[in-house]
Amino acid sequence: MHRRVFLTSLLGASAAAAGLSGCAKGDASADTKAAATKPLADKVPAGTSLKIASYQNTQQLQFRLAKLPALPFTVSEWVNLGAGPDIINAFRAKSLDLANNAGIPPIQAHYQGFDAKIVAIDITRKPNYVFATKPGSDIRSVQDFKGRKLAFSQGQAQGVVLLRALKKAGLKYDEVKLVPLTSNQFLTALQSGQVDVAPLGNSQTPAYLKQYGSKGARTITTDVVDLLNLLWAPQSVLADPAKAAAIAAYIPQWAKGQVWQYEHPDVWNEEFYVKTQNLTPDQAKSISALANKPLFPPRWDEAIAWEQETADLLAEGGFVKKFDVSSLFDHRFESLAARAVPAEYRR
């Protein structure tokens with residue numbers, strides 16, 4: 001499929017047209033950019049509020065179970081969104097101030113012309129995704145992907161995991177058929193045979209295999225990781241001193257919450273996977289066994305290098321235009337997460 005046609009089908013004509021410029025404009029005027037470089041306030045002004053993404057209400061549950069101190073601002077809404085394209089749309093609509101995603105959505109936002117910045121980094125060392133096959137498939141390795149239909153979401157972590165896996169296996173993009181979908185369409189596409197392979201999160205695979213493993217579906221594991229788990233926000237939000245201060249106060253809580261979840265897998269399994277996701281205790285345990293130890297780097301050098309490699313990989317395929325990803329990071333927040341956690345969780 002021609003790359004421009006592919007992009008248009010995935011993002012919609014208007015988003016693709018906006019992306020052709022290859023530089024982020026969004027709502028970032030010169031004054032906004034200047035305001036976003038000012039030092040962070042020591043205190044969050046009274047009356048400050050943020051709208052924060054919390055997919056499947058995980059953040060509120062995590063904070064409640066960890067019994068963390070009350071945030072020094074109001075969360076006016078916990079927004080149940082997680083997929084990168086949905087987050088970008090919510091940012092554009094000003095219905096969201098802060099989100100938790102992987103490394104690829106900020107790259108996609110930049111390409112679409114929307115200015116947003118990364119404010120916190122958690123390094124993931126173990127794979128969060130496996131490749132699942134449709135029922136009845138004879139695929140048993142990434143090399144077998146040649147000539148097959150692969151679910152591909154350009155603006156999400158699953159997309160970059162697929163591209164990195166193909167590159168490692170020595171497969172070129174034109175040797176496979178990339179089917180443009182968003183991650184919430186992957187399961188249906190597999191079940192219906194619309195695609196041969198789709199990358200699924202570790203938390204999705206037990207239920208999928210339970211239902212379709214007896215019908216010939218299987219998973220293919222690789223050592224390909226999606227390195228970055230991050231917080232990011234629109235530049236216009238970061239240019240607001242009160243909201244920027246609130247985000248700075250939120251980051252330590254975010255980091256502490258992840259550490260708590262990692263250190264209390266049995267509680268999390270029961271309260272989240274069993275009670276809210278309807279998984280069995282054994283399924284929950286199998287997911288937690290694959291969990292990444294949270295690692296919050298005091299400096300972002302490795303994260304920036306990985307993000308640049310990711311952007312370059314997308315550019316090589318014609319999915320985005322090449323650019324310097326250092327513009328995606330707001331270094332005012334760089335050390336906040338690392339300073340909030342014990343030394344073993346600092347990288």
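A residue is termed buried when its relative accessible area is under 20%, exposed when over 50% and partly exposed in between, with a 1.4 Å probe and protein chains only. Aspartate 196 counts as buried because its relative accessibility is 8%. The structure is a predicted model, in which local features need pLDDT of at least 70, side-chain atom pairs count only at pLDDT 80 or more, and totals for chains, interfaces and linings use all residues. Residues are numbered from 1 along each chain as its sequence is written, and side-chain values use heavy atoms, with hydrogens and water left out.

The chain averages a pLDDT of 89, with 90% of the residues at 70 or above, pLDDT being the predictor's confidence in each residue, from 0 to 100. Over residues 1-26 pLDDT stays under 50. Where pLDDT is low, the predicted coordinates should not be read in detail.

Aspartate 196 lies in the loop between helix H8 (186-192) and strand E8 (197-201), helices (H or I, at least four residues) and strands (E, at least two) being DSSP runs numbered from the N terminus. Beyond its neighbours within four places in sequence, aspartate 196 is in contact (heavy atoms within 4.5 Å) with residues including Arg148, Lys149 and Leu190.

Strands E6 (residues 149-152) and E7 (residues 177-180) pair in the parallel sense over 4 bridges, where pairing requires that DSSP find at least two bridges between two strands; phenylalanine 152 has proline 180 in E7 as its bridge partner.

In helix H12 (residues 265-274), the buried residues are Trp268, Asn269, Phe272, Tyr273 and Val274. These buried residues pack against helices H4 (58-66), H11 (241-263) and H13 (281-288).
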